Amino acid sequence: MPAISARKPYRIGRSPTGLGLFATKKIKKGTRIIRYFGPMLDSKNKKHDAIDNKYLFEITNRWTIDGSVRKNIARYINHACRPNAESDVKSKKRRVYIRAIKTIHPGDEINYDYGTDYFKEFLKPIGCKCAACEKKRAKKRAEERAERVRLKLKADKRALKKAEKAKRKLEKAKAKKLKFSAAHPHARGTGKPSKTKSARTKSLLSRMPKSPALANRASST
Ligand SMILES: [Zn+2]
C-alpha cells in the first residue's frame, strides 16, 4: 500500500467492500480532501482509447484521467449513494479534487458518488454495497419478515377460529343428544331393540306369580 503522510487527514483501511479511505482527523464540510490524479488520456489517441480499467475518470468528452496508478490514493475512495464527499472537476485545468460535502469525523469512511454510468456498469449487476443501499436492503428484509409473521399470525388465527367453531358444533350436538335421551329414557342411540321380543316376554313371565296349581304339579312329580 502506498505510504501516506501523517499530516494527511486520512488513511487506507478495511471497508465492507475491500479497501477504503477513512478520515483520521475531522474534515470540515467544503474542504478539499485529496486530488484524483493519473496520466491524462486523450480520446483522439487510439492507444489511449484502448485503455480500460475501473479507475478511469472522464473529465470531458476528450480527456480522461487514468486513476489506476498506485500513487493515486484517491482511487481507494469507494462509491456511496449518500456520500460525504463529491468530485470537484476543474475541466479547464483538467484536475479533479475530492471535496467534503459534510463534516467528516475521524473513523468515518470517505466516499463520493461515482455517477450513473459507473453505477449501471459496475455496481448494479453485483448490488451496491454502500451504507445507504445496505440499510435499504435491511429495511426491505425486515419488512418482508414482518409480512411473513403477519401472514402466519393471520393463518393461525383462522385455524384457531375454525377449531373453535368445530368444537362448539360438537358440544351443541352433544347437548342436543343429552336433552333427547332425558326426554326419551328408553331410547337407544342405535334405534335397534336391545332385546328380542321373546326375551322380553320371558322376563315378564318370570316376574308373574306362579299359580298354586302349577306349583303343586311340579312338587308331585
Ligand atoms: Zn448504494
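A nonpolar core is a set of buried Ala, Val, Leu, Ile, Met, Phe, Trp, Tyr and Cys residues joined through C-beta atoms within 7 Å. Buried means that 20 or more other C-beta atoms lie within 10 Å of a residue's own; exposed means 12 or fewer, partly exposed is in between, and the C-beta atoms are placed from the backbone.

This is a predicted model: local features need pLDDT of at least 70, side-chain atom pairs count only at pLDDT 80 or more, and totals for chains, interfaces and linings use all residues. Residues are numbered from 1 along each chain as its sequence is written.

**Overview**

The protein chain has five helices and 10 strands. Helices (H or I, at least four residues) and strands (E, at least two) are DSSP runs, numbered from the N terminus. Buried residues make up 16% of the 221 residues. Two residues are in contact if their C-beta atoms, placed from the backbone, lie within 7 Å. Of the contacts with a separation of 6 or more, 64% link residues 24 or more positions apart.

Confidence is given as pLDDT, the predictor's score for each residue, from 0 to 100. The chain averages 88, and 84% of the residues score at least 70. Among the elements, β9 has the highest mean pLDDT, 98, while helix α5 (residues 212-220) has the lowest, 51.

**The core**

The largest nonpolar core has 23 residues. Leu21, Ile33, Tyr36, Ile77, Ile98 and Ile110 have the most contacts inside it. Two or more residues come from each of β2, β3 (32-36), β9 (95-100) and β10.

Tyr36 is in contact with residues beyond four places in sequence, including Phe57, Ile65, Val96 and Ile98. Leu21 has Ile110 in β10 as its bridge partner.

**Strand pairing**

Two strands pair if DSSP finds at least two bridges between them.

| Strand | Partner | Bridges |
|---|---|---|
| β1 (residues 10-15) | β2 (residues 18-23) | six |
| β2 | β10 (residues 109-112) | two |
| β5 | β6 (residues 63-66) | three |

β1 and β2 form a hairpin with two residues between them. Ser15 stands opposite Gly18 in β2.

An open sheet of three strands runs in the order β4-β6-β5, with antiparallel pairing. β4 (40-42) and β5 (56-58) are the edges; each has a single partner strand, so one side of each is left without a neighbour in the sheet. Neighbouring strands of this sheet are turned by 35° against each other on average, direction ignored. The axes behind that angle are lines fitted to C-alpha atoms, for helices over the stretch in contact, and angles run from 0 to 180 degrees between N-to-C directions. Phe57 has Ile65 in β6 as its bridge partner.

Helix α3 (residues 131-183) has 53 residues. From its first C-alpha to its last, α3 reaches 77 Å, close to the 78 Å expected at 1.5 Å a residue. The expected span is 1.5 Å times one less than the number of residues. The number of buried residues in α3 is zero, so the helix lies largely in the open.

**Two single residues**

Arg94 sits in the loop between β8 (85-90) and β9. Its phi is near 55°, a positive value in a residue other than glycine. Arg94 is partly exposed, with 15 other C-beta atoms within 10 Å.

Ala3 lies in the segment before β1. Ala3 counts as exposed, with 8 C-beta neighbours inside 10 Å. Ala3 and Ile73 are 70 residues apart along the chain, yet their C-alpha atoms are separated by 9.2 Å.
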